Amino acid sequence: MRKKTLTTLAILAIAFALTVYYKRPKPVEVEIVSIEEGEVRSTVSNTRVGTVKACRRAYLAPAAGGQVAQLNVKEGDKVRKNELLMEVWNHDLKAQLALQEAQIRANHAAAEQACQLKGGAIREAERISRLQKYNHIVSEEQVDTKVTNAKAQSAACLSAKAAVDVSQASRDAAKAAIERTYVEAPFDGTVAEINVELGEYVTPSPPGIPTLPAIDLLDISCLYVSAPIDEVDAPQIKTGMTAYVSLDAFPGRRSLGTVSRIAPYVLEKEKQARTVEVEVKLTDPKDLQELLPGYSADIEVLLAGKPKALRIPAEAVIENHKVLLLNEDGVLEERTFKPGLANWNYVEVLAGLQHGDKVVLSVGQEGVTAGARAQAKP
């Protein structure tokens with residue numbers, strides 16, 4: 001009886017053990033990666049989307065109002081510096097200029113006449129003065145009359161020359177008035193937009209009231225990205241730092257740039273984090289091809305970097321600098337490590353982990369917790 005009881009108990013124990021073994025939870029499948037060395041860069045990115053902008057952009061309009069008489073360009077045209085783009089009706093001003101040119105010629109002739117008379121009067125005064133000095137034939141009154149006449153003719157000559165200067169100044173004023181009716185390109189560029197038509201009446205923008213420009217001119221040979229950086233990260237950024245630009249219009253394309261400007265003030269907008277505007281100038285001419293001002297873009301400013309560092313993917317890190325490791329027994333183990341440089345992709349490991357450790361990537365998956373049995377996905 002005792003042997004039968006012992007045998008029965010042994011069978012029941014084995015059956016229970018087998019039941020527990022076969023009913024235990026299946027190991028959760030997790031995605032793992034082995035810790036290896038690689039490049040790690042510490043970067044700062046924009047908080048909101050940035051914008052591609054032209055280094056030079058001019059909203060052009062005539063300085064004087066009037067009717068559009070000439071429109072020498074169309075949208076998309078490439079123009080050179082000082083090229084005439086548009087002209088407002090100015091026939092009256094050109095007629096005034098012609099009148100001033102004629103007045104200058106007349107004044108020159110009058111000045112020539114007055115100065116010739118001046119020369120004759122001076123010579124006459126000198127002759128009569130010599131006669132009065134040596135022969136005493138000529139009276140003092142006659143000498144005084146001739147000398148006074150010479151002085152009067154000299155003054156008339158000066159007055160005539162001054163009249164020439166006045167007429168030339170009037171001509172310059174007429175030219176300036178005509179130039180106010182011209183719209184010229186201030187730099188080499190591309191006409192982005194035209195908001196006028198021939199025959200339309202245009203007026204300069206009143207002070208403090210912005211209006212559509214007659215011509216929008218862009219210099220797309222030089223482009224930069226302007227993007228907001230959180231005020232907490234902004235002090236780490238310096239002009240001249242290397243930066244990378246990503247564009248929604250060209251997925252997977254990263255352009256090289258340099259930080260060219262950091263705004264000297266913090267943007268304060270309601271219901272938005274306070275930011276500092278940072279500009280990154282694109283440095284590779286190849287990156288300028290196909291780019292247009294207005295594209296949305298993101299910037300990533302490089303603060304520091306190491307070409308060979310022990311690193312783990314950023315997605316494997318949980319709070320308080322911890323990771324889950326898959327040990328040799330197939331159990332998930334929580335481990336704390338000391339981080340170094342970090343970005344959106346990788347975090348440098350300074351201590352707490354070793355080369356070859358298997359780190360779990362799928363930390364948000366159900367059942368992936370410390371102490372759980374797991375196996376790597378095939």
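## The aromatic pair

Rings of Phe, Tyr and Trp (its six-membered ring) form a pair if their centres lie within 6.5 Å; planes under 30 degrees apart count as stacked, over 60 as edge-to-face and the rest as tilted. This is a predicted model, in which local features need pLDDT of at least 70, side-chain atom pairs count only at pLDDT 80 or more, and totals for chains, interfaces and linings use all residues. Residues are numbered from 1 along each chain as its sequence is written, and side-chain values use heavy atoms, with hydrogens and water left out.

The structure holds one aromatic pair. The ring centres of Phe 250 and Tyr 295 are 5.8 Å apart and the planes meet at 85°, so the pair is edge-to-face. Phe 250 belongs to strand E13 (residues 250–262), and Tyr 295 to the loop between helix H4 (285–288) and strand E15 (296–313), 45 residues apart. Helices (H or I, at least four residues) and strands (E, at least two) are DSSP runs, numbered from the N terminus.

Phe 250 is buried, with a relative accessible area of 18%, while Tyr 295, at 25%, counts as partly exposed. The cut-offs are under 20% for buried and over 50% for exposed, with partly exposed in between (1.4 Å probe, protein chains only).

## Charges over rings

The charged end of Arg 253 sits over the ring of Phe 250, 4.6 Å from its centre. Arg 311 lies over the face of Tyr 346, at 3.7 Å from the ring centre. Such a charge (NZ of Lys or CZ of Arg) must be within 6 Å of the ring centre and within 35 degrees of the ring normal.
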